[in-house]
Amino acid sequence: MQNAHIRKEADFMGNSKVEAFLITLEEHQLGHDLRLTSDDATIGDMLEALSDFAEKHLYKCLGCDGCCYERAPLTILDIPALATLLPAGKFPAHMVCQAFAEVYIDQDGIIDIALRRDEQGACLFLDKERKCCRHWQSRPFVCRSHFCLPRSNRLEALRQDIVNNGENELIRVLLCEQADGATPLILPSIDIINYPPDQAYLSQEWQRIKVKSLVSSKFWRKLR
Ligand code: SF4
Ligand code: SF4
């Protein structure tokens with residue numbers, strides 16, 4: 001991780017619904033945190049606040065060897081932006097995943113869908129010579145919400161919730177497309193009953209999904 005290319009003029013960044021700001025962690029280490037100030041705050045507002053924060057406090061991150069050799073799990077929210085990289089038209093999730101993703105299923109049947117990586121472990125979008133992401137505008141949520149700067153516990157928990165639930169919804173959509181005749185990417189033995197529809201993710205657009213609809217009321221209070 002490159003970490004700590006930080007400019008220290010500390011104040012709040014973000015919009016009227018989400019604030020992102022620097023914090024001091026244990027042993028005087030700098031980190032970042034997020035506060036949701038409106039019930040209407042969406043995942044899009046959250047990403048905008050994080051992007052504004054990065055622009056103000058961090059040197060520009062365009063992808064690099066630091067974290068583009070790590071697994072980048074995909075969620076249903078990442079499909080529209082990745083679909084724009086395919087030839088004209090709107091593509092179903094299985095075509096996007098066939099083009100860019102790997103589906104792993106472990107011995108316990110746990111499914112993981114992530115951007116494909118090469119033999120060295122590099123993400124397929126990493127330009128290794130220039131050390132940057134070749135498709136920055138289409139990068140998934142997990143990349144958009146990550147900086148090489150520690151996160152607060154609540155931000156980490158929120159990010160994990162969005163990734164895990166969004167990935168489960170992607171699995172459900174792939175299973176539905178498979179049942180309609182699409183190329184199978186997931187073993188037929190995986191039962192769709194284990195992946196009930198998550199109403200919160202139905203719109204599949206992070207600009208429209210309210211964070212409040214994704215978390216428990218107890219966790220929501222912690223995010224305010
Ligand atoms: S957050 Fe950006 S600059 Fe930092 S290690 Fe990851 S890709 Fe590199
Ligand atoms: S999508 Fe881009 S930023 Fe994300 S891991 Fe791949 S190369 Fe890095």
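These are my notebook entries on a predicted model of a protein chain with its ligands.

**Confidence**

I began with pLDDT. The chain averages 90, and 93% of its residues reach 70 or more. I then went through the elements. Strand E1, residues 13-14, has the lowest mean, 58. E5 has the highest, 97. Over residues 1-10 the value stays under 50. For that stretch I noted 16 contacts beyond four places in sequence. Where pLDDT is low, predicted coordinates should not be read in detail. I leave those contacts as a count.

**Ligand 1**

I looked up the surroundings of ligand 1 next. The shell holds 11 residues. Cys 61, Cys 64, Gly 66, Cys 67 and Cys 148 are the closest. By class I have 7 nonpolar and 4 polar residues, with no charged ones.

E4 covers residues 101-105 and E5 covers residues 111-115. The two run antiparallel and are joined by 5 bridges. I checked one pair: Ile 105 is bridged to Ile 111 in E5. The strands make a hairpin with 5 residues between them. In the turn, Gly 109 has a positive phi of about 85°.

Most residues other than glycine have a negative phi. I therefore looked for exceptions to that rule.

Glu 27 is one, with a positive phi of about 55°. I find Glu 27 in the loop between strand E2 (18-24) and strand E3 (30-36). Is Glu 27 buried or exposed? Glu 27 is exposed, because 5 other C-beta atoms lie within 10 Å and the cut-off is 12 or fewer.

Lys 131 is another, with phi near 55°. Its loop runs between strand E6 (126-127) and strand E7 (132-133). I count 13 other C-beta atoms within 10 Å of Lys 131, so this residue is partly exposed.

Note on methods
Residues are numbered from 1 along each chain as its sequence is written. Chains are lettered from A and ligands numbered from 1 in the order in which they are written. This is a predicted model: local features need pLDDT of at least 70, side-chain atom pairs count only at pLDDT 80 or more; totals for chains, interfaces and linings use all residues. A residue is near a molecule or strand if its C-beta atom, placed from the backbone, lies within 6 Å of it. Ala, Val, Leu, Ile, Met, Phe, Trp, Tyr, Cys and Pro count as nonpolar, Asp, Glu, Lys and Arg as charged, and the others, Gly among them, as polar. Two strands pair if DSSP finds at least two bridges between them. Helices (H or I, at least four residues) and strands (E, at least two) are DSSP runs, numbered from the N terminus. A residue is buried if 20 or more other C-beta atoms lie within 10 Å of its own, exposed if 12 or fewer, and partly exposed in between; C-beta atoms are placed from the backbone. pLDDT is the predictor's confidence in each residue, from 0 to 100. Two residues are in contact if their C-beta atoms, placed from the backbone, lie within 7 Å.
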